[in-house]
Amino acid sequence: DTFESAHLLQDFESASAVSGDGEVLLEKEGEVDHVQFTNDEVNSMRGTDAVFTHNHPSGRGLSFDDVNFAREIDAAEMRAVGRSVEGRLAHNYRVQPGLDGWPAKSNLKVWYDVAAARVFDVIQQKVTAGTLTPGEAGGEYYHEVLKIVAAEHPRSLKYVREERKSA
């Protein structure tokens, strides 16, 4: 949580990977909406039981690309910290493989697409009704999509979103 606290208010993404035995494998700064990794950097994280964490300045939750990256490196956990554009809400997002391990990319993509179709209109209605701000919508959208995917496929994914005590 130290990394997440230090990077919560940044206006660009940063990432860190720590192996299962506590070795810092990588710390890297990126752009406003992503961190780019070389093949060597990706390979250095594979098979290390890494906890990969990063910040989302936009406040959004974990995307398909985030979860797929965790799957690609066989991470023990993918984490993100995000805050709403208004800065009122901050969350930690965490996903881990289920008992069956990370799902195949093709399954994950289908599951995300199906859940996203169900969630989009609901989020749009909340923004239109004024119960959700546009700045909070990204965080809620990705959270609701991943919540559905994990609930419908519990042997493949475990997901939790935790409200942070302070932004």
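I take buried to mean under 20% relative accessible area. The model I am reading is predicted.

**Entry 1: His54**

I started with His54, in strand E3. Its relative accessible area is 3%, so I log His54 as buried. Next I looked for a polar partner of its side chain. A polar atom there lies 2.9 Å from the backbone oxygen of Arg79. Then I listed what His54 touches, leaving out residues up to four places away in sequence. The list holds Phe3, Glu13, Ser14, Ala15, Leu62, Asp66, Met78, Arg79, Ala80 and Val81.

**Entry 2: Thr53**

I moved to Thr53, which also sits in strand E3, residues 51–56. Is Thr53 buried or exposed? I get 8% relative accessibility, so Thr53 is buried. Its side chain makes a polar contact with the side chain of Glu4, at 2.7 Å. I set aside neighbours within four places in sequence and checked its other contacts. They are Phe3, Glu4, Ser14, Ala15, Ser16 and Arg79.

**Entry 3: Aromatic rings**

I counted aromatic pairs and got 5. I looked up Phe37 with Phe69: the ring centres are 5.4 Å apart and the planes meet at 10°, so this pair is stacked. Phe37 is in the loop between strand E2 (24–29) and H2, while Phe69 is in helix H3, so the pair ties together parts 32 residues apart in sequence. I checked burial for both. Phe37 has a relative accessible area of 16% and is buried. Phe69 is buried too, at 13% relative accessibility.

How are the rings of Phe52 and Phe69 arranged? Their centres are 5.2 Å apart and their planes stand at 70°, so I note this pair as edge-to-face. Phe52 lies in strand E3 and Phe69 in helix H3, so this pair links parts 17 residues apart in sequence. Phe52 is buried, with a relative accessible area of 3%. I record Phe37, Phe52 and Phe69 as one aromatic cluster.

**Entry 4: Charges over rings**

I looked for charges over rings. The charged end of Arg60 sits over the ring of Tyr142, 5.5 Å from the ring centre. Lys109 lies over the face of Phe64, and here the distance to the ring centre is 5.2 Å.

**Entry 5: The nonpolar core**

Nonpolar side chains tend to be buried together in soluble globular proteins. I turned to the largest nonpolar core here, which has 36 residues. Which members touch the most others? I find Phe37, Phe52, Leu62, Val67, Val95, Leu146 and Leu157. H4 gives the largest share, 7 residues.

**Entry 6: Helix H5**

I finished with H5. I went through its buried residues. They are Gly135, Glu136, Ala137, Gly139, Glu140, His143, Glu144, Val145, Leu146, Ile148, Val149 and Ala150. What do the buried residues of H5 pack against? I find H3, E5, H4 and E6. Leu146, on the buried list of H5, is also among the core residues that touch the most other members.

Technical notes
Residues are numbered from 1 along each chain as its sequence is written. This is a predicted model: local features need pLDDT of at least 70, side-chain atom pairs count only at pLDDT 80 or more; totals for chains, interfaces and linings use all residues. Side-chain values use heavy atoms; hydrogens and water are left out. A nonpolar core is a set of buried Ala, Val, Leu, Ile, Met, Phe, Trp, Tyr and Cys residues joined through side-chain atoms within 4.5 Å. Buried means under 20% relative accessible area, exposed over 50%, partly exposed in between (1.4 Å probe, protein chains only). Helices (H or I, at least four residues) and strands (E, at least two) are DSSP runs, numbered from the N terminus. A polar contact is a pair of N or O atoms within 3.5 Å; within protein, one must be able to donate a hydrogen and the other to accept it, and residues adjacent in sequence count only if both atoms are side-chain atoms. Contact means heavy atoms within 4.5 Å. Rings of Phe, Tyr and Trp (its six-membered ring) pair if their centres lie within 6.5 Å; planes under 30 degrees apart count as stacked, over 60 as edge-to-face and the rest as tilted. A charge sits over a ring if NZ of Lys or CZ of Arg is within 6 Å of the ring centre and within 35 degrees of the ring normal.
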